[in-house]
Amino acid sequence: MTPLLSIRDLRTYFHTEAGVARSVDGVSFDIGEGETVGIVGESGCGKSVTALSILRLIQPPGRIEPGSRIEFEGKDLVTLDDDAMRDIRGNRISMIFQEPMSALNPVFTVGDQVAEVMRVHGGVSRRQAWDRAVETLALTGIPSPEERAKQYPHQLSGGMRQRVLIAMALIMKPALIIADEPTTALDVTIQAQILDLLLNLQKEFGTSILMITHDLGVIAETTSRVIVMYAGEIVEEANVTELFAHPHHPYTEGLMRSMPHIGHDTERLNVIPGTVPAPTSWPRGCRFFERCRYSWDLPEHEHPPLYDVGSNHKSRCHLAKEPQRRNQPHEPLVIREGAGAA
Amino acid sequence: MPGQTQDSARTDSVKPRESPLALGVRVILRKRSSRVALFVLGVIVLIGVLAPLIAPYDPSAQPDIVAAKDLPPSIAHPFGTDPYSRDVLSRVIYGARLSLMIGILATLVSLTFGVAYGATAGYAGGVIDAIMMRFLDALLSIPRLLLLLGVLVAWPHLSIGSLIVFLGLTGWFGLSRIVRGQVLALKHAEFVTAAEALGASRRRILVRHLLPNLVSPIVVAATLGIAHVIVLEAGLSYLGIGVPQPLASWGNIIYDGADQIARLWWMSLFPGLFMVTTVMTLNVLGESLRDVYERR
């Protein structure tokens, strides 16, 4: 079965005066039909740039480097002309943004904005588009959608606005929805509702979802396969149960250790020491080297490939070759050389 | 279906829709000073619109250039008469019509140019923006009055239409800077990226998403712009190069009595009062609109 979306060696570089920022640096993965794939990682790891690259919304000085391939429904999105690309956006692939306030235009009613997507793609009348917009708003669980559609964004609560954004993403029944931190800006109670809504709609329409988040909780609840990104690369990829049961990469391990656990009475949360290095100067060897609890000489000099470490489980860590080193954790280099030395 | 949810309860009382313009009008009506200003301006506009119905005399008729000239205010001529024996009240009433019309039309010309130029520069960005803005800097460095004087001295006896166009063409520089700044700030707003992500074209984004967000600063600039044009027109007419005779504008009524201003005081007092009132009310309205929009 050919996957719906197939990304091969995606490299998105920003050519700035401070140097070339290799924000996404050789990323490859597939999304099957109806599948939910999560990308997780901390700020600056390249997950949002990956999402924007799929829709080709990278603004100069950024660009998708030649040789990258994004195959979707038999077309290479990297080389598609602008008109054809516009036809895909919002129609076959749509996106849900993080900030439900700023992603809506403050001077139009929400109904107008949902209907507009239909007008851009549909070749339908104003009336038909409006009716479909109201239907779709109803689908996202907005009560009295006819009246709500006539309101402006500032008259709705955050959860409501996120539902409107979901309606906008959904109205054309796209094959793929990219959700970029769809719940980050919401209250915890609303978060759960919005995730439920997304999953229900996905079941109903068979849409694939690419869920981008830094929240492992969201990943665990919603996705079937997880991609962990660090410093512009995929560092681990596995099914969700496998990943949570046997995290392989020390970065993934660190992410999980830094989650609070109910019942564990720890005073302080664990953190991964140090920060992501600057994308203009990724370390030559392993990019996680300085922050790693198991690092030794080899990672510093040799860039690790994605090793197979289980069934459908890949990890970009030399531990795959020398697993016994996992028994000798130590202080990471950033701490040994003083905080901020990285 | 996930259906009815908790977060809906908070905003369940469905409020009526409110656009930025409606908001502006509502807030203006709430404030006393701007309510008075709106009323006074309304009366002056009405006077201008209804000029042919309420003016007691033909504004350019010279009934008796010997006996009826330079008459001080009286029952028959509440604002007196001018050196050509024309009724000043009728001329002021017709002047309201012409001065307001020139103010509004010239401002429309300015808006069209200013918005088009500013939006293009802001949205295009990069080299195009830099070139357009340097050109604008050059234009801005020439005082507006000087520019107009140059034009009007070079081409005397311009028609009203050309006068309006020239007034408009010299008035858009400042506005286009505002528009350009706003577009620049808005084009990286998330809702613009969102619109792009949903397949909207560049033209659609500019027209549908960016320009409507500029309504507030444009309305403010227009209100203040009309006041400015009225003063400018009066200044030019006062110098004898504005509105041609025998048409009446507030500026050229004052000009007609200018050489004997101490004796024919009614010729500058009454049109002057109208002008000051109009400009003041426009400024009050402009300022309170600015308050409304900038607070948000």
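In this predicted model, ten residues of domain 1 of chain A are in contact with seven residues of domain 2 of chain A. The assignment places domain 1 of chain A at 5-223 and domain 2 of chain A at 250-336. Taken over C-alpha atoms, the centres of domain 1 and domain 2 of chain A are 31 Å apart.

**Contact between the domains of chain A**

- On the side of domain 1 of chain A that touches domain 2 of chain A, strand S2 (residues 19-31) of chain A gives the most, with five residues.
- Sorted by class, that side of domain 1 of chain A has five nonpolar, three polar and two charged residues.

**The sheet in chain A**

- Eight strands of chain A form an open sheet in the order S7-S8-S9-S3-S10-S11-S13-S12, and the pairing is mixed.
- Strand S7 (93-96) and strand S12 (307-310) of chain A are at the edges with a single partner strand each, so one side of each has no neighbour in the sheet.
- From one strand to the next, the twist averages 25°.
- In general, the strands of a sheet pair through backbone hydrogen bonds, in a parallel or an antiparallel way.

- Strand S10 of chain A covers residues 225-230, and six of its six residues are buried, which leaves the strand mostly covered.
- Arg225(A), Ile227(A) and Met229(A) point one way from S10(A), while Val226(A), Val228(A) and Tyr230(A) point the other way; all are buried.
- Strand S3 (residues 36-40) of chain A runs parallel to S10(A), and four bridges join the two.
- Within S10(A), Val226(A) has Gly38(A) standing opposite.
- Strand S11 (residues 233-239) of chain A runs antiparallel to S10(A) and is joined to S10(A) by six bridges.
- Arg225(A) has Asn239(A) in S11(A) as its bridge partner.
- A hairpin is formed by S10(A) and S11(A), with two residues between them.
- In the turn of this hairpin, Ala231(A) has a positive phi of about 50°.

**Nonpolar cores**

- In soluble globular proteins, nonpolar side chains tend to be buried together.
- The largest nonpolar core has 95 residues, of which Val114(A), Ala133(A), Val164(A), Ile178(A) and Leu210(A) touch the most other members.
- Helix H6 (residues 158-170) of chain A gives the most to this core, with eight residues.
- This core lies between domain 1 (5-223) and domain 2 (250-336) of chain A, because both give residues to it.
- Neighbours within four places in sequence left aside, Ala133(A) is in contact with Gly111(A), Val114(A), Ala115(A), Met118(A), Ala149(A) and Ile171(A).
- A second, separate core has 60 residues and includes Val115(B), Tyr123(B), Ile241(B) and Val243(B).

**Chain B**

- Chain B contains 13 helices and zero strands.
- Read from the N terminus on, the elements of chain B run α-α-α-α-α-α-α-α-α-α-α-α-α.
- The C-alpha trace of chain B spans about 90 × 50 × 25 Å along its principal axes.
- Of the 296 residues in chain B, 39% are buried.
- Among contacts in chain B with a separation of 6 or more, 70% come from residues 24 or more positions apart.

How values were computed
Residues numbered from 1 in each chain as written. Chains lettered and ligands numbered in written order. Predicted model: local features only at pLDDT ≥ 70, side-chain atom pairs only at ≥ 80, totals over all residues. Buried ≥ 20, exposed ≤ 12 C-beta atoms within 10 Å, placed from the backbone. Pairing = 2+ DSSP bridges. Domains from an automatic or database assignment. Contact = placed C-beta atoms within 7 Å. Nonpolar A, V, L, I, M, F, W, Y, C, P; charged D, E, K, R; others polar. Axes fitted to C-alpha atoms, helices over the stretch in contact; angles between N-to-C directions. Core = buried A, V, L, I, M, F, W, Y, C linked by C-beta atoms within 7 Å.
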